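Good morning, colleagues. Please take a moment to look at the sequence and the structure on the screen before I walk you through the model.

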Amino acid sequence: MPEKPKLGSYRRHLLVCTGPRCTQNGESQALFDSLGDTFKAAGLDSGELRVKRTRVSCFAACKGGPIVCVQPDGVWYYNAIRENMQRIVEQHLAGGQPVEELVFHRGPAAPC
């Protein structure tokens, strides 16, 4: 039997679409790559507010990218370009308040 994997604890999980149809010139992958430093600067790389980030290949929401989804909140953002992602990090991931003008969908949220 394989060894059970281990994950560190985290408050939120940010899913970033890096599929080829989300953005035309690799902006989504560049955004994902920049998030390590962004999270560290915001204090989201460790402790009780830690955010885990994961690349996904396609959300099947191929307009208005980069597209990101914050779980367990069930909040989906479009146009998560670097400036908007900074707002999402500060206001939502660190502060707990979604950036409403960038939200395009809300899925089922986990109970708090």
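I begin with P66, which sits in the loop between β2 (51–56) and β3 (68–71); here helices (H or I, at least four residues) and strands (E, at least two) are DSSP runs, numbered from the N terminus. The peptide bond from G65 to P66 is cis, with omega near 0°. Before I continue, please note that this is a predicted model, in which local features need pLDDT of at least 70 and side-chain atom pairs count only at pLDDT 80 or more, while totals for chains, interfaces and linings use all residues. Residues are numbered from 1 along each chain as its sequence is written, and side-chain values use heavy atoms, with hydrogens and water left out.

A60 also lies in the loop between β2 and β3. Although A60 is not a glycine, its phi is positive, at about 60°. Is A60 buried or exposed? It counts as exposed, because its relative accessibility is 65%; the cut-offs are under 20% relative accessible area for buried and over 50% for exposed, with partly exposed in between (1.4 Å probe, protein chains only).

The peptide bond from Q71 to P72 is cis, with omega near 10°. N79 is not a glycine either, yet has a positive phi of about 55°. With a relative accessible area of 28%, N79 is partly exposed.

I turn to the cysteines. How many disulfides are there? The count is zero, where a disulfide is a pair of cysteine sulfur atoms within 2.5 Å. C69 is in no disulfide, and the nearest cysteine sulfur, that of C17, is 11 Å away. C69 is buried, at 1% relative accessible area, and C17 counts as buried at 4% relative accessibility.

Finally, the chain as a whole. The protein chain has two helices and five strands, in the order β-α-β-β-β-α-β from the N terminus on. Of its 112 residues, 38% count as buried. Among contacts (heavy atoms within 4.5 Å) between residues at least 6 apart in sequence, 61% join residues at least 24 apart. The C-alpha atoms of the protein chain fill a box of roughly 40 × 35 × 30 Å, taken along the principal axes. Thank you for your attention.
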